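Have the structure open as you read.

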Amino acid sequence: MNDLPRLPTSGGCRDEPILKQRGQREVFCGLTGIIWLHRKMQDAFFLVIGSRTCAHLLQSAAGVMIFAEPRFGTAILEETDLAGLADAQTELDKVVDQLLARRTDIRQLFLVGSCPSEVIKLDLSRAAERMTEKYAPSVRVLNFSGSGIETTFTQGEDACLASMVPVLPETNERQLLLVGALPDVVEEQAVSLLTQMGIGPVRVLPAPRADSDLSVGTETVFALTQPFLGDTHAELERRGARHIAAPFPFGEEGTTAWLRMIADEFGVDDATFERVTAAPRARARKAIAQASVSLRGKSVFFFPDSQLEIPLARFLTRECGMQAIEVGAPFIHKGIIGPDLDMLAQGPVLSEGQDVDLQLDRCRAARPDLTVCGLGLANPLEAEGLSTKWAIELVFTPVHFYEQAGDLAGLFSRPLRRDDLLQLGVRA
Amino acid sequence: MKLTVWTYEGPPHVGAMRVATGMTGLHYVLHAPQGDTYADLLFTMIERRDHRPPVTYTTFQARDLGSDTANLFKKSLEDAYARYQPEALIVGASCTAELIQDDPGGMSETMGLPVPVIPLELPSYQRKENFGADETFFQIVRTLAKPIERTAQITCNLIGPTALGFRHRDDITEMTALLSDMGISVNVVAPMTSSPSDIARMGAAHFNVLMYPETAESAARWMERELGQPFTKTVPIGVGATRDFVQEVAEITGLAPYLDESRLRLPWYSRSVDSTYLTGKRVFIFGDGSHVAAAARVARDEMGFEVVGLGCYNREMARPIRSLAKEYGVEALITDDYLEVERSIEALQPEMILGTQMERHIGKRLGIPCAVISAPVHVQDFPARYSPQMGIEGANVLFDTWVHPLVMGLEEHLLHMFRDDFEFHDAAGPSHHGGHAPKAANEAAPAPVAPTPAAAAAKTAGDGNVIWLDDAERELKKIPFFVRGKARRNTETFASERGVSEISVDTLYEAKAHYAR
């Protein structure tokens, strides 16, 4: 095993200055994490304690009703709730009673804080404790905040997973914990690769059901599969677990580096590593080569969205031959994203947070070949003649690990291929 | 607190955004936390607009609370004015900003901007999207419209269309042509297509056409009072309503009523013999009050349906919808609770739903076809083709879109005729439904597995009170799968109402005879 990517010891972007501007942001709030988490945790219900806006957001973000009976809902605050906090707690009890009577299949209930509930300082942790007592053992009640004054988009998943860590049972077992919600197919691939190397037991947070055998302790090592899990990372370390820092498993290179770090931790020899990874690595390289033909030499500009931007820029520049102009992220946690920053060549502007008007000015001036942005900006930028990729697809589509590496490149090349296909006259 | 799964209306500031986004030269500065920018995607993705909504959000965060959120608002307002140079601004707060009480209206007044700044008071915890749109348009008109000299020729304003409205774009075209046929030109269309300077010359029109009472009635009443402009009360959706509308316009203007019906096809299509299968189809109607009222009339009088239930989600329309329901001999359902609507539809078991995107969803779950007649809607309800609801072409569109999901009714006859044909079996599904309908029908009433000889000779129905005898169960299986669920429920209801505990073949046919129309 001698063709491992060598991480540069100097260079990279880790110590590059980061542009921070303060202004209007064009991002979802953390509540939207519920959309994929409720699919992932099959016996969980997410109850947002918020306003009509929160309910409307969830509905719009969920593509307006793709699910017949979603396992999320909103307890809408009304005038009377704003009058006094005691009332709000009683009201909440009523709503939860009503909900659990209707949905007897629910084993985990998350009380999710929103902007209004944070501003009126509604104490949801107290409510969660009270309800846990009341409904134990059939239902476990936890709380976290997905509010837009505290979180952006994927940070909602982080807040949710972080809320689960303190109540995990203690264990002294040596184990690997994979952290982050992934599509089932991707999760199975990851576990299979690790198991083939003799690594185990491998457990995954979040588990699909509450009655899983998830536990944590000082013998637990954990690897993140998503770069936005800063709070969960901190909570796990608080429980004595140790983080395996690695680049994120996007593309052939990232996946190999991620697996190698874990393999090293578990003392997997080179021959075994090679035997397990050789075939999927070759497949991934081939798939990327095919899918990235139209990406080579093209420029890309990232608006902040999911915190996946830096690992993705690393993948696109190193494996797909693209040139990054600006890589914007809502939040940059160097302790987690550091290994990816080390591999990303200097050059692009790194920006954290957003003033969307100023960033749009920079984007228009740069005229990138591809702009990665959220749903509010995509069509307007297309109308200005810029090709765009909806960032949200990168969160909802299986993109991690070897077998998806080609698909990941394909997500970026599709808008460019489409441009080439369409014969509709001159663009705006 | 109120438990909500899906909502019919967004918060009131989304209503204000619908007004602002429909207009040009107007900018909305909204005091709001960062997540509230989600609303942009309603316009750019669902309506496929090619511009961002003209809205600047202040994007305050937790760390700003209690310190400088007010300054953040002022700075955002200054920046927005400098960047966009609008003719007028509207300012307001979303639900969270309302709680921190920064008073955007008061602050903007002190800033001395050189254009009109219109403050919006939209109580988020009491009111909803339609109120927000109506109130915003009213405040804009009240601030900017002034009495001016009437046009020499008879003109009108078309009021009510907004961004994200159900077919508003095409209704404007249809109404403009219809009025033009009568010799009336359109002075201003507002809020959609207008700028603040257009609003200022609304007073030049002789009267207003109130297209959508939900979004413009307050403005219509104000203009009637302050500018002396009468407004039309008929919403011209359907053949009869369009004719009435023309009559109403004639009375207001003193012009001769004129309606070019050369392109009107609904009446003949409705009379044609192949439409007899539509006779007495039981429909449930739900949506915004105006569209529901119009749809009820078309359904009963122009399509020959039986209206078995109707209601609206906007309480502002509760009174007219209640009295309308009386006329139709049903109880109105006035609620914004999606689950209540679902329960009502489930109990009534209509053969079709005329509803919103939400009822389309309920219908999918219950295996009942649904046509959309009102907002809230989905990206598929912003079609590329011309597809108005109002006027002559609108009536044609209604016939097509309502009949399409019911074509299954025609297939139903054929299925009876060709019951044993190899192509008509449970798994084949109706040809045009992409395989969804059989699944939905099964969900509505799980199809029984073929009884095995070892199994008991009877099956217990869902409620446990009525059992199906073996031969009745076999006979039920012969009924086409997509009406089987209904037949099963009807028979069980029939049996339990008569205290019959076992369903035989006779019970099945007695029930069929009972429900036959």
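Cys373(A) is buried because its relative accessibility is 0%, where buried means under 20% relative accessible area, exposed over 50%, and partly exposed in between (1.4 Å probe, protein chains only). Cys373(A) has Cys363(A) as the nearest cysteine sulfur, 7.8 Å away, and is in no disulfide. Cys115(A) isn't in one either: the nearest cysteine sulfur belongs to Cys29(A), at 6.2 Å. With a relative accessible area of 8%, Cys115(A) is buried.

A word on the ground rules. This is a predicted model, where local features need pLDDT of at least 70 and side-chain atom pairs count only at pLDDT 80 or more, while totals for chains, interfaces and linings use all residues; side-chain values use heavy atoms, with hydrogens and water left out. Residues are numbered from 1 along each chain as its sequence is written, and chains are lettered from A and ligands numbered from 1 in the order in which they are written.

## What UniProt flags

Which cysteines does the UniProt annotation "binding site" cover? In an unreviewed entry, UniProt puts that label on Cys29(A), Cys54(A) and Cys115(A). They span 87 residues in sequence, but no two of their C-alpha atoms are more than 9.6 Å apart, so they gather at one spot. Cys54(A) sits in helix H2 (residues 52–61) of chain A; helices (H or I, at least four residues) and strands (E, at least two) are DSSP runs numbered from the N terminus. Cys54(A) is also buried, at 7% relative accessible area.

Over in chain B, the unreviewed UniProt entry has an "active site" feature at Asp274(B). UniProt positions are given in the numbering used here, with feature names shortened, and annotations may be inferred rather than shown by experiment. Asp274(B) is in the loop between helix H11 (266–271) and strand E9 (282–287) of chain B, and is partly exposed at 48% relative accessibility. Its side chain makes a polar contact of 2.9 Å with that of Ser272(B). Such a contact is a pair of N or O atoms within 3.5 Å; within protein, one must be able to donate a hydrogen and the other to accept it, and residues adjacent in sequence count only if both atoms are side-chain atoms.

## Salt bridges

Side chains of opposite charge can pair when their charged atoms come close. Across all chains, the search turns up 53 salt bridges, each being a side-chain nitrogen of Lys or Arg within 4 Å of a carboxyl oxygen of Asp or Glu. Take Glu129(B) and Arg18(B), whose closest N and O atoms are 2.7 Å apart. This pair links distant parts of the chain, with Glu129(B) in helix H6 (residues 129–144) of chain B and Arg18(B) in helix H1 (residues 12–22) of chain B, 111 residues apart. Glu129(B) is buried at 9%, and Arg18(B) is buried at 5%.

Glu316(B) pairs with Arg127(B) in a salt bridge whose closest N and O atoms are 4.0 Å apart. Glu316(B) lies in the loop between strand E10 (306–312) and H13 of chain B, and Arg127(B) in the loop between strand E5 (117–119) and H6 of chain B, so the pair ties together parts that are 189 residues apart in sequence. Glu316(B) is partly exposed at 43%, and Arg127(B) is partly exposed at 31%. Then there's Asp170(B) with Arg169(B), a salt bridge of 2.9 Å, N to O. Here Asp170(B) is buried at 5%, whereas Arg169(B) is partly exposed at 42%. Salt bridges that share partners also join Asp361(A), Arg364(A), Glu384(A) and Arg83(B) into one network.

## A nonpolar patch

Leu421(A), Leu422(A) and Leu424(A) make a nonpolar surface patch of about 340 Å². Patches are made of residues with over 30% relative accessible area and no salt bridge, joining like charges within 9 Å and nonpolar side chains (Val, Leu, Ile, Met, Phe, Trp, Tyr) within 5 Å; accessible areas come from the Shrake-Rupley method with a 1.4 Å probe, and for residues only the protein chains shown count as cover. Leu424(A) is in the segment after helix H17 (402–421) of chain A, and is exposed at 70% relative accessibility.

Note on methods:
A disulfide is a pair of cysteine sulfur atoms within 2.5 Å.
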